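Dear colleague,

Please find below the structure I promised to pass on, together with its sequence.

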Amino acid sequence: MAIIEEPLALPPGVTTSTSKPLGVFSRPRNATGLKDWLTTVDHKKIGIMYGAAAMFFLVIGGVAALLIRTQLAVPNNELLSGDAYNRVYTMHGTVMVFLVVMPIGAAFANYLLPLQIGARDVAFPRINAFSFWVFLAGGLLLNTSWFLGGAPDGGWFNYAPNNGVIYSPSHGIDFWNVGLLIAGIGSVSGAVNLITTVLNMRAPGMTLFRMPIFVWMSLVTQFLLLFAVPVLTVAQVLLMLDRNFSANFFNVSQGADPLLWQHLFWVFGHPEVYLMILPAFGIVSEIIPTFSRKPIFGYSFMVFSGIAIGFLGFGVWAHHMFVSGIGPVSVSAFSFATMFIAVPTGVKILNWLGTMWGGKLTLNTAMLFAIGLVVQFTIGGLSGVSHAVAPSDTQQTDTYYIVAHFHYVLFGGAFFGFVGGLYFWWPKIFGYKLGEKFGKWNFWMMVVGFNTTFGPMHILGLQGMPRRMQTYDDDMGFNLWNMVATIGAFILGVGTLLVLVNAFFSYRKWKADGRPDVGPDPWDARSVEWMIQSPTPEHNFDTLPIVTDLDEFWHRKYAEDENHKLRRIATGAEIAQPGNGEGVHLPAPSYWPILLAFSIPIIGYGVIFSLWLTIPGVLLMTAASFGWALEPADDLDIPHDDHTEALTHG
Amino acid sequence: MTNNTADSTWHSSMRQTILTPMIASRRSLRIAVFVVFGLALSACSEDKPLNTFEPRGPRAQSVLDIMWPVIWGIIFVVFLIVCVGGVALAWKNRVKPEDFDPDDLPEQVHGWFKGEIAWTVAPAIILAFVGVYTIIGIWDLETKNEPAELDVMVIGRQWWWEYRYDVDGDGFFVDADGDGEIWGVDGLGADGPGGIDGDSDDIEWPLEYILDPDDVSTAGELVIPAGVQVDLYMTSADVIHSYWIPRLNGKRDAVPGRYTTWSVEADAPGKYTGWCTEFCGLSHARMRMSAIALSADDYQAWFENQQAPAAVPAEGTPEFAGRETFKNLCMSCHIIKDGDLEYNDTEAGDPWPTSVPLIAKGAPDLTHFATRTSFAGAIYAQYRDINPDDDALDVSTYLDLPGNYRWNEAELRRWIKNAPDRKDANYENQQGMLPFPQLQEEELDNLVAYLATLD
């Protein structure tokens with residue numbers, strides 16, 4: 001539904017000439033293969049590319065994780081030097097947060113939001129493509145640091161003044177800084193796009209309170225991105241001025257206060273952890289009702305608790321700084337605030353249990369991963385309460401107890417939710433199911449590996465093992481659990497890899513079987529994305545669905561019979577749209593988003609290495625911006641005929 | 001304690017070189033200093049020296065007293081209900097794929113408003129109670145001695161801790177007139193007498209901290225009297241560090257340009273180990289420390305010993321030659337106060353006090369080096385337990401130690417010769433200790449012999 005791409009209406013009587021514009025400003029046509037992917041503005045392809053990029057970065061972050069665990073398997077190990085260890089653990093955290101978990105959330109949001117609200121695309125399709133390419137450009141720039149003088153060595157939190165040129169003279173932190181600045185542009189533009197999409201492009205009848213929980217959680221996530229990422233951008237611009245232009249924002253000898261960085265970073269950083277987990281909350285809120293065959297328990301509580309988490313998430317940042325010496329008044333206030341963020345989170349967990357209560361559960365792989373999230377996230381949330389208690393946090397912060405805590409939240413929580421989401425929506429995206437047998441192996445290996453890795457870290461932390469340690473001594477009592485954790489990490493690594501292995505083998509089997517149709521609704525699901533064919537047709541909906549209920553699709557399949565007994569009145573396949581896109585108008589692809597996006601890292605390298613390099617970058621950026629602006633709204637040779645449906649509700 | 005099995009360098013001539021002066025001149029040593037080594041031994045024999053569940057002081061105990069009810073009373077109970085209950089629920093309600101009947105739907109419950117209100121409000125009330133105790137705990141941890149009993153200044157440096165004791169009671173770093181302002185640590189602000197020249201390209205940061213010539217500066221180990229709350233005034237000379245002796249208290253950051261306060265108290269004499277817990281760059285993993293609590297008498301003896309100037313070896317001895325080497329190579333960074341090694345006086349006309357020894361480039365004060373139990377940021381034991389079966393190497397008869405200890409000479413030699421090999425350093429950037437590949441074996445012998453006299 002390409003309203004934004006429509007030419008403005010002209011007054012009556014005025015005619016337009018449709019002479020062909022200049023060649024370079026015409027839209028790409030009939031693109032196939034690589035060119036299709038590079039120029040696409042289709043939210044589904046962009047979503048898939050977000051996912052694929054995240055998988056690529058997951059391999060990098062995962063190798064870094066295994067290096068860390070191998071180094072720590074035995075005391076006084078010399079596999080990694082102190083310098084190498086610092087770079088590897090910094091990249092592990094940075095890559096996993098910014099280039100794996102965030103883009104996976106973006107992948108699901110991009111693919112699913114338009115489908116779940118009954119739209120044909122996002123509000124600004126070209127900006128959507130730009131958001132992805134600029135994220136990828138930033139991520140790649142960050143990772144070129146491995147080859148260009150060494151990866152960053154300041155930790156993902158990158159505290160001042162250790163992030164200054166004096167203490168970290170190599171270019172690593174410049175790559176961290178510039179790479180994430182660039183990726184942040186993508187986050188913000190993506191957030192604006194998706195917020196607009198959800199608020200303006202819902203199908204007829206889909207009020208806000210008929211939106212699936214996933215849409216709600218993603219909407220809250222986008223607002224968090226919109227307000228949190230610019231704070232990090234501010235901090236990073238200050239750091240860039242310090243490092244690359246000799247400013248003194250964090251130079252203590254010039255009177256700066258290094259805690260400024262911590263405040264800015266965590267004002268971003270705490271909403272950040274919620275924007276990583278909320279999409280996964282949304283995913284399991286779709287999976288659990290589907291496989292419990294019940295509506296989500298307490299829809300409005302689920303929605304409002306998500307919103308509450310979003311708001312409270314901005315008011316608890318200083319709990320990362322309980323031992324920074326911010327004073328007892330601040331510590332008390334943030335300690336209190338932090339405790340109460342457990343309340344809406346607890347509501348969510350209990351409501352998921354409420355959904356399963358009395359349900360008839362299908363324990364397939366997607367559902368197992370969802371339950372895995374509920375259990376493991378709860379453990380992470382509970383250890384979170386123990387360091388909301390600030391005095392107790394003075395013993396726990398910066399120990400492995402914290403490492404255990406946030407991995408239970410982000411890996412056991414967010415990542416398990418994402419994998420569950422992959423199993424759930426895979427048939428919708430690719431047209432075949434991921435194998436269940438492999439899936440069970442996948443799940444159980446990940447559960448065993450995950451808990452063997454991170455469970456012992458609770459013990460290690462309480463026994464006094466600090467984080468970010470290249471090594472430890474033989475006589476500290478850390479040997480046993482470190483070895484256990486390392487063994488667990490390799491099990492977990494193999495378990496995670498099984499997602500990809502499963503995708504590969506399931507595809508081969510599907511192909512060997514002659515590509516059988518998985519059908520529009522393989523799970524007897526509830527929301528409107530399941531009433532279209534699988535894989536999703538390019539135009540999404542033949543006609544936009546008229547929505548009258550939460551769980552619209554389910555209500556079309558089930559109704560009470562004459563005896564007031566609820567029963568199935570139609571299968572999903574019977575009422576699904578046939579996938580006939582005739583007369584549907586879609587936004588045309590464009591060259592400019594990718595060109596504009598990749599002009600920015602050139603400027604980034606210029607800031608790091610030589611300002612001369614910024615000149616070609618700025619030239620390309622200017623050219624791409626003009627190209628974008630002058631590009632015809634559409635390919636004029638393709639007639640606009642029928643999109644009355646799309647225009648009826650605006 | 002780090003054990004070195006290979007110790008071929010120890011032979012009788014070295015024993016003469018190192019031990020003879022020690023025996024001759026340092027009877028008083030035993031009183032205070034070597035009590036410490038016995039304690040070090042006992043600390044080493046414990047499995048988990050950093051365990052937060054085994055507090056050895058009232059502060060750590062009070063933290064644990066808040067932790068336990070939260071961990072067992074809330075976390076464990078909720079864990080059992082939610083996690084175990086949730087898994088049981090899922091298992092109980094499962095339907096096998098072959099039993100799936102599309103028309104056999106469970107009751108379509110959309111929610112339970114009262115229940116949801118209940119499980120919103122109930123946790124909030126419980127957490128409010130926890131919150132009240134938490135806030136009481138937060139303020140308790142901030143209380144300091146009134147009036148002051150023993151204040152120690154703690155300065156984090158890459159990658160070791162410096163301690164300053166206000167010996168002469170002039171309130172050099174703690175405000176004497178009681179308005180709460182700390183002073184005496186200069187150079188923290190742009191205008192402080194720290195030697196910064198205002199040029200932003202000047203990378204002479206860390207600024208030098210002027211030490212009161214009458215005061216005591218030590219490194220690595222915080223020596224305190226047992227049973228006394230010791231208030232710490234902390235800052236950093238470079239990046240942010242965090243001071244953590246888990247058995248005595250939680251942690252608190254040492255932030256450059258700011259002061260933070262914290263306190264430790266040990267119930268009984270002993271050695272309590274700790275670790276810098278804020279990532280502080282390259283050798284963060286090797287920035288360790290310990291607190292050594294002594295009985296009141298032992299502490300007093302130690303304290304008096306620390307105030308005495310270091311002995312100057314007789315001319316012509318190997319130790320004297322070692323002192324010359326120290327002057328030539330080490331003194332641009334280290335300090336030994338023996339009444340004679342005056343150096344780094346600020347030039348005449350400089351507004352800052354003259355005749356004040358600076359700790360140049362932030363290396364440890366080595367005045368009473370041999371009284372410490374560890375070196376190199378508390379990563380190596382300075383004395384080590386020898387093989388009890390090897391009578392020939394038993395030095396305990398010389399030193400009257402509580403165990404079979406001797407000078408960890410081999411490790412010290414390796415350290416001096418090539419410190420970055422043992423502890424990563426950006427020494428070009430004044431972070432960490434320089435290597436001294438040019439040192440000849442004899443010079444090393446003499447230097448180590450000299451250091452052994454510094455008790």
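**Helix packing and the nonpolar core**

In this predicted model, the axes of helix H10 (residues 342-356) of chain A and helix H11 (residues 365-388) of chain A come within 11 Å of each other and cross at roughly 155 degrees. Because angles over 145 degrees count as roughly antiparallel, H10(A) and H11(A) are roughly antiparallel to each other, and the crossing in which H10(A) passes H11(A) is left-handed. On the H10(A) side the contact is made by A:Ala342, A:Thr345, A:Ile349 and A:Trp352, and on the H11(A) side by A:Val374, A:Thr378, A:Gly381, A:Gly384 and A:Val385. Sorted by class, the residues of this contact are five nonpolar and four polar, with no charged residue.

A second pair in chain A consists of helix H2 (residues 43-72) and helix H4 (residues 125-144), whose axes come within 10 Å and cross at roughly 15 degrees, which makes H2(A) roughly parallel to H4(A). This crossing of H2(A) and H4(A) is left-handed. Among the residues that make the contact are A:Tyr50, A:Ala53 and A:Phe57 of H2(A), and A:Phe132, A:Leu136 and A:Gly139 of H4(A); by class, the contact has nine nonpolar, four polar and no charged residues.

Turning to the core, the largest nonpolar core has 297 residues, of which A:Val284, A:Ala370, B:Val154 and B:Ala291 touch the most other members. Leaving aside its neighbours within four places in sequence, B:Val154 is in contact with B:Trp161, B:Tyr163, B:Leu232, B:Tyr233, B:Met234, B:Tyr243 and B:Ala254.

With best wishes

Technical notes. Residues are numbered from 1 along each chain as its sequence is written. Chains are lettered from A and ligands numbered from 1 in the order in which they are written. This is a predicted model: local features need pLDDT of at least 70, side-chain atom pairs count only at pLDDT 80 or more; totals for chains, interfaces and linings use all residues. Axes are lines fitted to C-alpha atoms, for helices over the stretch in contact, and angles run from 0 to 180 degrees between N-to-C directions. Helices (H or I, at least four residues) and strands (E, at least two) are DSSP runs, numbered from the N terminus. Angles under 35 degrees count as roughly parallel, over 145 as roughly antiparallel, 65 to 115 as roughly perpendicular and the rest as oblique. A crossing is left-handed if the near helix is turned anticlockwise from the far one by less than a right angle, and right-handed if clockwise. Two residues are in contact if their C-beta atoms, placed from the backbone, lie within 7 Å. Ala, Val, Leu, Ile, Met, Phe, Trp, Tyr, Cys and Pro count as nonpolar, Asp, Glu, Lys and Arg as charged, and the others, Gly among them, as polar. A nonpolar core is a set of buried Ala, Val, Leu, Ile, Met, Phe, Trp, Tyr and Cys residues joined through C-beta atoms within 7 Å. A residue is buried if 20 or more other C-beta atoms lie within 10 Å of its own, exposed if 12 or fewer, and partly exposed in between; C-beta atoms are placed from the backbone.
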